[in-house]
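Look over the model below.

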Amino acid sequence: MLKIGVLGAGHLGKIHLRLLQQSDKYDLVGFYDENHENGVKIATEFGYKQFDTISKLLHAVDVIDIVTPTLSHYKCAKVAIKSGKHVFIEKPISTTVSEAEEIIALANQYNIKGQVGHVERFNPAFIAVKNLIENPMFIETHRLAEFNPRGTDVPVVLDLMIHDIDAILSVVKSKVKAVHASGVSVLSQSPDIANARIEFENGCVANVTSSRISMKNMRKSRFFQKDAYISVDYLDKVCEVVKMKEAPEVPGDFDMILQNAEGQKKQIYFANPDVNHNNAILDELETFADAINTNTTPVVTLEDGTEALRVAYMIIQSMNENN
């Protein structure tokens with residue numbers, strides 16, 4: 001079993017600690033939290049071992065799970081990698097693209113593996129349809145959340161939209177050509193609502209909307225491709241696939257047939273892939289252990305996390321130009 005330590009014991013850090021303690025693939029050694037009082041409270045309440053310095057924790061583990069505020073991801077990753085430890089970094093990978101690129105360079109130099117915590121890649125609804133998404137040409141996503149002060153230190157693009165950016169980049173096999181975006185600050189100093197149109201070199205267009213001041217939560221994506229429409233509800237963990245094929249010469253009584261202006265007939269049919277419910281956070285952590293143990297590529301690489309961050313900043317730049 002891989003020995004793992006957690007940096008950061010805030011809201012998400014506590015979830016990671018609990019899941020890692022349950023995992024059959026890791027031996028949870030302990031954690032370090034910059035807020036010593038908070039660390040003492042968590043160690044007392046849950047029995048995890050608290051380390052009083054990062055260096056002591058690093059010496060005791062094989063893997064470091066970085067769940068600190070985004071501003072410290074780079075600093076934590078740098079010291080962990082230079083200590084020869086594999087790193088799991090919560091999203092976004094870092095504060096800037098240049099920091100992310102340096103993390104990649106260091107990981108290559110020290111021959112360590114890294115994974116970024118883009119958890120929606122492990123959402124069971126997305127997993128159920130990912131292999132059915134083939135060359136989508138139009139994508140629409142809505143990620144709406146009720147207001148929560150935790151996270152308003154960064155723009156909504158880095159807080160929420162980056163989940164959808166990563167998922168989109170994982171299925172569109174083409175480079176981003178252009179971005180047009182706008183955003184509005186309502187309660188925070190940075191935008192709380194953002195909409196972006198991402199255009200790819202292959203002609204695909206993604207229309208992405210995020211809000212953190214919505215009246216209700218919503219996390220939905222729709223993928224349109226030739227002869228198919230695929231929807232993913234990340235929140236309710238359900239998906240739907242609507243496909244079209246050539247209509248039979250003699251349709252059945254219950255066949256759904258559409259005819260276009262040219263007289264071509266298509267049959268519509270529905271596929272509901274099995275959704276195998278899971279704990280997405282546990283899965284992302286355990287697939288990282290598998291990648292380390294088998295010397296294979298992690299599901300969400302450091303490069304993936306960097307590319308999502310790069311596109312996020314293209315969106316932020318476009319918002320700044322339009323505001």
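## Burial and surface

In this predicted model, 51% of the 323 residues of the protein count as buried. Buried here means under 20% relative accessible area.

The exposed surface comes to about 15,800 Å². Carbon and sulfur atoms supply 50% of that area.

## Overall build

The protein has nine helices and 14 strands. Its radius of gyration is 22 Å, close to the 20 Å given by the globule rule for 323 residues, so the protein is as compact as a globular protein of that length. Along the principal axes, the C-alpha atoms fill a box of roughly 75 × 45 × 40 Å.

## The main core

In soluble globular proteins, nonpolar side chains tend to be buried together. The largest nonpolar core here has 95 residues. Tyr26, Val157, Ile165, Ile198, Phe200 and Ile315 have the most contacts inside this core. Helix H7, residues 156–171, gives the most to the core, with 11 residues.

Which residues does Ile315 contact, leaving aside its neighbours within four places in sequence? They are Val157, Met161, Ile165, Val179, Ala181, Ala196 and Ile198. Among these partners of Ile315, Val157, Ile165 and Ile198 are also on the list of residues with the most contacts inside the core.

## Charges

The protein has 33 positive side chains and 42 negative ones. The centres of the two sets lie 2 Å apart.

Conventions. Residues are numbered from 1 along each chain as its sequence is written. This is a predicted model: local features need pLDDT of at least 70, side-chain atom pairs count only at pLDDT 80 or more; totals for chains, interfaces and linings use all residues. Side-chain values use heavy atoms; hydrogens and water are left out. A nonpolar core is a set of buried Ala, Val, Leu, Ile, Met, Phe, Trp, Tyr and Cys residues joined through side-chain atoms within 4.5 Å. Buried means under 20% relative accessible area, exposed over 50%, partly exposed in between (1.4 Å probe, protein chains only). Helices (H or I, at least four residues) and strands (E, at least two) are DSSP runs, numbered from the N terminus. Contact means heavy atoms within 4.5 Å. The radius of gyration is taken over C-alpha atoms; the globule rule is 2.2 Å times the number of residues to the power 0.38. Accessible areas come from the Shrake-Rupley method with a 1.4 Å probe; for residues, only the protein chains shown count as cover. Lys and Arg count as positive and Asp and Glu as negative; His and the chain ends are not counted. The place of a charge is taken as NZ of Lys, CZ of Arg, CG of Asp or CD of Glu.
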